[in-house]
Amino acid sequence: MELKSFAPPELQHLLDLCTSIEETVVNVRSMGEDYIVTTTNIQRFVDFAFRILDEYIKLIKEVVHIEKEAVLIRNDAAKAYGVFLDREGKPKDVFKIFEDSMSKGTMSYFFPLYVTPIMNFVHSRIYDSLIETVNKSQKNFRTFFVQYTAAKGGIYPTIEEKAMIPPPAAAKSEGEEEAEEK
Amino acid sequence: MSLLGFMFRKKKEPKLGYWVLIAFSEEAKDKAVGNDFLKKIYHINGKYAFKVENYSSVKEKHLRKNGVIMVDRTVGQLIPKEARNIPEAKELLTRLQITKVIGD
């Protein structure tokens, strides 16, 4: 992946994890249409998935200093991990989730349920925003990266929406006019 | 307007302005998985979609607050409804892998 070379070293670890989670999923799917799922594959997949979430939250904490926005971005990412988390947001015991389907041998039917949302999170939030940040600028890479990921979640406005919002000077003048009329 | 023209006149279709449709993606229908990350928002003007976005609950709130007309096809569905349909016979036959047996 050539795009990875543009990213700074602080962000390199997250991208390495993303590529490795892709490799595990591709390896499992390459076995056939009714693919075989083993315990090692699942454990590897869950490990990578949670490490990506940890790195992602760590990045947000460093860049975003407003608590409300940071919580919104974090909750948006956690929705992909809905199967693995409690209502409070704490991780469940992974063995309990897979206990039934592993013992009955129906893991191949349930595996896409765990895989697809997390892979969509990786593609839509991390890779897409990486491409946009590379096109945008090389300075302040991390801040732009977080802004684009938040914009995809609908938390920050996108560039198109920013153009629609009037500048603060125009809004002030309207308020002053009203005050003068009174 | 002549009489025939009056009798066989076409009904005018109501003009649809800007509206928004929320639906599951094709990946979700294919794999029978439902999640917020597998939904999509279609921005439509009249009949034609001009923009497709990934879904997020914050975006939906923002659109609803601004009074945009919204059609949500994912209400009350953990799994997309289309995933439960039985596929056509043609589609089933294509998935069969027929192999030649040599020696018979």
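Q: At what angle do the axes of α2(A) and α3(A) cross, and within what distance do they come?
A: The axes of α2(A) and helix α3 (residues 67-78) of chain A cross at roughly 165° and come within 10 Å. Axes are lines fitted to C-alpha atoms over the stretch in contact, and angles run from 0 to 180 degrees between N-to-C directions. The model is predicted, so local features need pLDDT of at least 70, side-chain atom pairs count only at pLDDT 80 or more, totals for chains, interfaces and linings use all residues, and side-chain values use heavy atoms, without hydrogens and water. Residues are numbered from 1 along each chain as its sequence is written, with chains lettered from A and ligands numbered from 1 in written order.

Q: Why are α2(A) and α3(A) called roughly antiparallel?
A: Roughly antiparallel applies to angles over 145 degrees. The axes cross at roughly 165°, so α2(A) and α3(A) are roughly antiparallel to each other. Their crossing is right-handed.

Q: What makes the contact of α2(A) with α3(A), by residue?
A: Contact means heavy atoms within 4.5 Å. From α2(A) come Leu53(A), Tyr56(A), Ile57(A) and Ile60(A), which meet Ala70(A), Ile73(A), Arg74(A), Ala77(A) and Ala78(A) of α3(A). By class, eight are nonpolar, none is polar and one is charged. Ala, Val, Leu, Ile, Met, Phe, Trp, Tyr, Cys and Pro count as nonpolar, Asp, Glu, Lys and Arg as charged, and the others, Gly among them, as polar.

Q: Why are α2(A) and α4(A) antiparallel to each other too?
A: Helix α2 (residues 39-63) and helix α4 (residues 94-104) of chain A have axes that cross at roughly 150° and come within 13 Å. On that angle, α2(A) and α4(A) are therefore roughly antiparallel. The pass is again a right-handed crossing. Thr39(A), Ile42(A) and Val46(A) in α2(A) meet Val94(A), Phe98(A) and Met102(A) in α4(A). Five of these residues are nonpolar, one is polar and none is charged.

Q: Why are α5(A) and α6(A) called oblique?
A: Helix α5 (residues 107-136) and helix α6 (residues 141-152) of chain A pack at an angle of about 130°, with axes 9 Å apart. Oblique is the rest, once angles under 35, over 145 and from 65 to 115 degrees are set aside. So α5(A) and α6(A) are oblique to each other. The crossing is right-handed. Its contact includes Arg125(A), Asp128(A) and Glu132(A) of α5(A), and Phe141(A), Phe144(A) and Tyr148(A) of α6(A). The contact residues divide into seven nonpolar, four polar and five charged.

Q: How many cavities of 30 Å³ or more does the structure hold?
A: One. A cavity is a set of points on a 1 Å grid over the protein atoms alone where a 1.4 Å probe fits but cannot get out. The largest cavity has a volume of about 40 Å³.

Q: Which residues line the largest cavity?
A: Lining residues have an atom within 4 Å of a point. Here they are Asp76(A), Lys79(A) and Arg125(A), with Asp36(B), Phe37(B), Tyr55(B), Ser56(B) and Ser57(B). Four are charged, two polar and two nonpolar.

Q: How much space lies in the second largest pocket?
A: About 620 Å³. A pocket is an open set with protein on both sides within 12 Å along at least five of seven lines. Of its 23 lining residues, Glu161(A), Lys59(B), His62(B), Leu63(B) and Asn66(B) are the closest to the centre.

Q: Which element gives the most to the lining of the second largest pocket?
A: α3(B), with six residues. By class, the lining has 12 nonpolar, five polar and six charged residues.

Methods. Helices (H or I, at least four residues) and strands (E, at least two) are DSSP runs, numbered from the N terminus. A crossing is left-handed if the near helix is turned anticlockwise from the far one by less than a right angle, and right-handed if clockwise. Grid points are joined across faces, edges and corners, and a volume is the space filled by probe spheres set on the points.
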